[in-house]
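Thanks for asking me to look this one over. Have the sequence and the 3D view open while you read, and click on each residue as it comes up.

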Amino acid sequence: AGTGEFEAGISKNGQTREHALLAFTLGVKQLVVGVNKMDSTEPPYSEPRFEEIKKEVSSYIKKIGYNPAAVAFVPISGWHGDNMLEPSTKMPWFKGWLVERKEGKAEGKCLIEALDAILPPARPTDKPLRLPLQDVYKIGGIGTVPVGRVETGILKPGTIVVFAPANITTEVKSVEMHHEALQEAVPGDNVGFNVKNVSVKELRRGYVAGDSKNNPPKGAADFCAGVIVLNLPGQIS
């Protein structure tokens, strides 16, 4: 909220814009906006400054695709701890945040409550396994370790996976997340998994792993895609 700082963030190539757009592009459906550094506004803890920022950010995130009514706006000072964990006495004008969404309303005074009000997303564990590879590593003493996020389904050690489009089939020896072995990985988990008898050269970023016995990924004649253009200097014809 500092003078000039918000303006820099919301300018054409500012980070506030970039982060909000990236979040939406990456599939983040829920947002909380903490308006930080309220202690360094002119005058400090200024209500008009908070309202100005709230109005401007609301209008921008609406253009991206978020519904501002479902987004909590909380004026905070991280340095002084205002409205972080408990209500601040320095902003008596702030009556609290309120969000409205189809799952119901939520309200509160602080940032921590706004974070707690985030609804856990549904994990599509019942769908066939799909795991797009982000990277493939060769780790000494272990072997080939593809890495990626489980999008749908469940990945377990012992699964016979197939990598599309190369059509390579192999067994998963182990699954790890944050250096800990997992008995199963579910949607949202970023995992590394060790595969038998496949060299690093055979796999690459962008391949998709599926369960060879349950609707494995196949080529398609056509598909529908949601495309988001981030920054394009020219015109799309």
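Here are my notes, point by point.

1. Some ground rules to start. This is a predicted model, so local features need pLDDT of at least 70 and side-chain atom pairs count only at pLDDT 80 or more, while totals for chains, interfaces and linings use all residues. Residues are numbered from 1 along each chain as its sequence is written, and side-chain values use heavy atoms, with hydrogens and water left out.

2. Let's begin with charges. Side chains of opposite charge can pair when their charged atoms come close. The term to know is salt bridge: a side-chain nitrogen of Lys or Arg within 4 Å of a carboxyl oxygen of Asp or Glu. How many salt bridges does the structure hold? The count is seven.

3. Take E52 and R49, whose side chains form a salt bridge at 3.1 Å, N to O. Both sit in helix α3 (residues 47–64), three residues apart, which is about one turn of the helix. (Helices are DSSP runs of H or I with at least four residues, strands are runs of E with at least two, and both are numbered from the N terminus.) The pair belongs to a network of salt bridges that links E7, R49 and E52.

4. Are these two partners buried or exposed? Here the cut-offs matter: buried means under 20% relative accessible area, exposed means over 50%, and partly exposed is in between, using a 1.4 Å probe and protein chains only. R49 counts as buried at 10%, whereas E52 is partly exposed at 39%.

5. Another pair is K196 and E171, whose salt bridge is 3.2 Å, N to O. K196 lies in the loop between β10 (190–195) and β11 (208–211) and E171 in strand β8 (residues 168–177), so the pair ties together parts that are 25 residues apart in sequence. Both ends are partly exposed: K196 has a relative accessible area of 32% and E171 has 29%.

6. Now for the greasy bits. In soluble globular proteins, nonpolar side chains tend to be buried together. A nonpolar core here is a set of buried Ala, Val, Leu, Ile, Met, Phe, Trp, Tyr and Cys residues joined through side-chain atoms within 4.5 Å. The largest such core has 32 residues, and M38, V57, I61 and W97 have the most contacts inside it. Helix α3 gives this core its largest share, six residues. A second, separate core has 21 residues, including L131, F163, V175 and V198.

7. Zoom in on I61. Leaving out residues up to four places away in sequence, I61 touches A20, L31, Y66, P68, V71 and F73; contact means heavy atoms within 4.5 Å.

8. The axes of the two helices come within 10 Å and cross at roughly 35 degrees. (Axes are lines fitted to C-alpha atoms, for helices over the stretch in contact, and angles run from 0 to 180 degrees between N-to-C directions.)

9. Last, the cysteines. A disulfide is a pair of cysteine sulfur atoms within 2.5 Å, and by this rule the count is zero. Compare C110, which is buried at 1% relative accessible area, with C224, which is exposed at 81%.
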